[in-house]
Amino acid sequence: MNNKIVIKHCENTHKGVFSIEEGNKMLAEISYSFAGADKMLLDQTTINNELPEQNEAGSELLDALINYSRDKNIKVIPLCIIAKSIIEQNPAYRDVLFKQT
């Protein structure tokens, strides 16, 4: 993928997805579902093995999702093991994690 990564975001009232596509081919995506007005569940992360810059693409998708959650004041509950691992390892993302009280 020699071009700049372009991230698309599609959402309806119950769920959404951040994705990177080339033509009609999905190269990477993170999907989520809403759990009320102030929480989102990160359901699944998929990165196509054909994508040469997999780590960069995954990071940029997660950055886009995290920035979206901050802008909307939505807390994140990562159910997907990939997203959960990345979020827990990065202190800059911890502010968006939902903490049960």
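**Surface patch, cysteines and salt bridges**

Ile81, Ile82 and Ile86 come together as a nonpolar patch on the surface, with about 280 Å² of accessible area between them. Patches here take residues with over 30% relative accessible area and no salt bridge, joining like charges within 9 Å and nonpolar side chains (Val, Leu, Ile, Met, Phe, Trp, Tyr) within 5 Å; areas come from the Shrake-Rupley method with a 1.4 Å probe, and for residues only the protein chains shown count as cover. Ile81 itself is exposed at 70% relative accessible area (exposed is over 50%, buried under 20%, partly exposed in between; 1.4 Å probe, protein chains only).

This is a predicted model, so local features need pLDDT of at least 70 and side-chain atom pairs count only at pLDDT 80 or more, while totals for chains, interfaces and linings use all residues. Residues are numbered from 1 along each chain as its sequence is written, and side-chain values use heavy atoms, leaving out hydrogens and water.

As for disulfides (cysteine sulfur atoms paired within 2.5 Å), the count is zero. The sulfur of Cys10 sits 19 Å from the closest cysteine sulfur, in Cys80, which is too far for a bond. Cys10 is partly exposed at 48%, whereas Cys80 is buried at 8% relative accessibility.

Salt bridges (a Lys or Arg side-chain nitrogen within 4 Å of an Asp or Glu carboxyl oxygen) number three in the whole structure. Lys8 pairs with Glu21, closest N and O atoms 3.4 Å apart; Asp38 pairs with Lys39 at 3.3 Å; and Asp95 pairs with Arg70 at 2.7 Å.
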